[in-house]
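Reader: Hi! Could you walk me through this model?

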Amino acid sequence: MTGLRNGFAGPEPLRDDDATTALPPGRRTRQDLANGSGMAELHESIANLLASRGQWRQAYHHLRSALDLMSTADAPKVPEQLRHEVNRLRREHAEAREQSLRDSLTASYNRRYLDERLAALLTDHAGTDGGLAVALVDLDWFKQVNDTYGHLLGDRVLQRVVDLLQESLPTGAFCARYGGEEFVLVLPGIDPAAAVQVCETARLRVERFPWPQMAPGLRVTISIGLAHEHRAADSAPVSAEQQLISADALLYAAKQAGRNAVAYRVGSEVRLAGMAAGRRAAPRRASGY
């Protein structure tokens, strides 16, 4: 006969003198439930069911609950298989999280990660002595690359450019795809001169890469707008959007000055780095490149 407990039909509660009665496999005594082993098995069973449906996050939480129940001093040793399952789900969860923050084509970070991380860096940076640089990178004449060589080779060019941008980045810096053929380098804890050097080195690396090995006559260059933020504790904070707008205006200056250049600002003056320093930089923003 069954009773109704918590709104569900189930077996009548066990009497104390029934505790030692042999039960079919899968049936737990009240003592089992008291010491946690029965609940641990229940969590494990639920986790296996959820995992078979691909519901990894929920399965992970149930396995963690099972592990917590079976890790008490009075509980039996946690089965090695359960530990492996928990570790596997942890890895898969971490991998899924990482993939959700990566651009599928270039494997650089995506716009979602950029927005989250840049906002956090600006918050951490507020009132400190550390500088934060944001460089907006755009491939020059990339539409012509696609039109001349096709989009498949264009995709390979984007992938190679990202590899070159990420080469030798300072500790804590990262590259993210901003959209299309635009990328952002975020350089935390850096002074203006070092930031200019990082960007100019990346520009040279792209320019000097043997592009004709990928396709005869292929040439790829990049233009970079570098905005550096270094504010005192009593000054107004700069948002991520404001810093990206500043970098975009400087990118326009690099484009207007002939492309294949790094534009940055010293006070109110826009300057170009490296071999482009002798060119005249455009001082203000206009529509289009």
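Author: Happy to. Let's begin with helix α7, where D163 and R160 both lie, 3 residues apart, about one turn of the helix. Helices here are DSSP runs of H or I with at least four residues, strands are E runs of at least two, and both are numbered from the N terminus. The model is predicted: local features need pLDDT of at least 70, side-chain atom pairs count only at pLDDT 80 or more, and totals for chains, interfaces and linings use all residues. Residues are numbered from 1 along each chain as its sequence is written, and side-chain values use heavy atoms, with hydrogens and water left out.

Reader: What do the side chains of D163 and R160 form?

Author: They meet in a salt bridge, 3.8 Å from N to O. The term stands for a side-chain nitrogen of Lys or Arg within 4 Å of a carboxyl oxygen of Asp or Glu.

Reader: How many salt bridges does a search of the whole structure find?

Author: The search finds 12. One of them joins D115 to R111, with the closest N and O atoms 3.3 Å apart. Those two are 4 residues apart in helix α5, so about one helical turn separates them.

Reader: Which residue forms a salt bridge with D138?

Author: K255 does, and the closest N and O atoms are 2.6 Å apart. This pair links distant parts of the chain, with D138 in strand β3 and K255 in helix α9 (residues 240-256), 117 residues apart. D138 is buried at 6% relative accessible area, and K255 is buried at 4%.

Reader: Nice. Which residues are linked in a network of salt bridges?

Author: That network links E200, R203, E207 and R219.

Reader: Switching to the sheet: what is the order of its strands?

Author: It is an open sheet of 6 strands, ordered β4-β5-β3-β6-β7-β8, with mixed pairing. Two strands count as paired if DSSP finds at least two bridges between them. At the edges are β4 (174-179) and β8 (269-272), each pairing on one side only. From one strand to the next, the twist averages 25°.

Reader: In what sense do β3 and β6 pair?

Author: Antiparallel, over 8 bridges. L132 stands opposite E229 in β6.

Reader: Which helix packs on the sheet?

Author: Helix α5 (residues 111-125) does, touching β3, β4, β5 and β6. Its direction makes about 125° with that of β4. Touching means heavy atoms within 4.5 Å, and the angle, on a scale from 0 to 180 degrees, is between N-to-C directions of lines fitted to C-alpha atoms, for helices over the stretch in contact.

Reader: And the largest nonpolar core: which members touch the most others?

Author: Of its 36 residues, those are L139, V157, L165, W211 and L218. Helix α7 gives the largest share, 7 residues. Such a core is a set of buried Ala, Val, Leu, Ile, Met, Phe, Trp, Tyr and Cys residues joined through side-chain atoms within 4.5 Å.

Reader: What does L139 touch?

Author: Not counting residues up to four places away in sequence, its contacts include V157, L158, V161, F183 and K255. Apart from this core lies another, of 28 residues, among them L122, A253, A257 and V270.

Note on methods:
Buried < 20%, exposed > 50% of the residue type's maximum accessible area, 1.4 Å probe, protein only.
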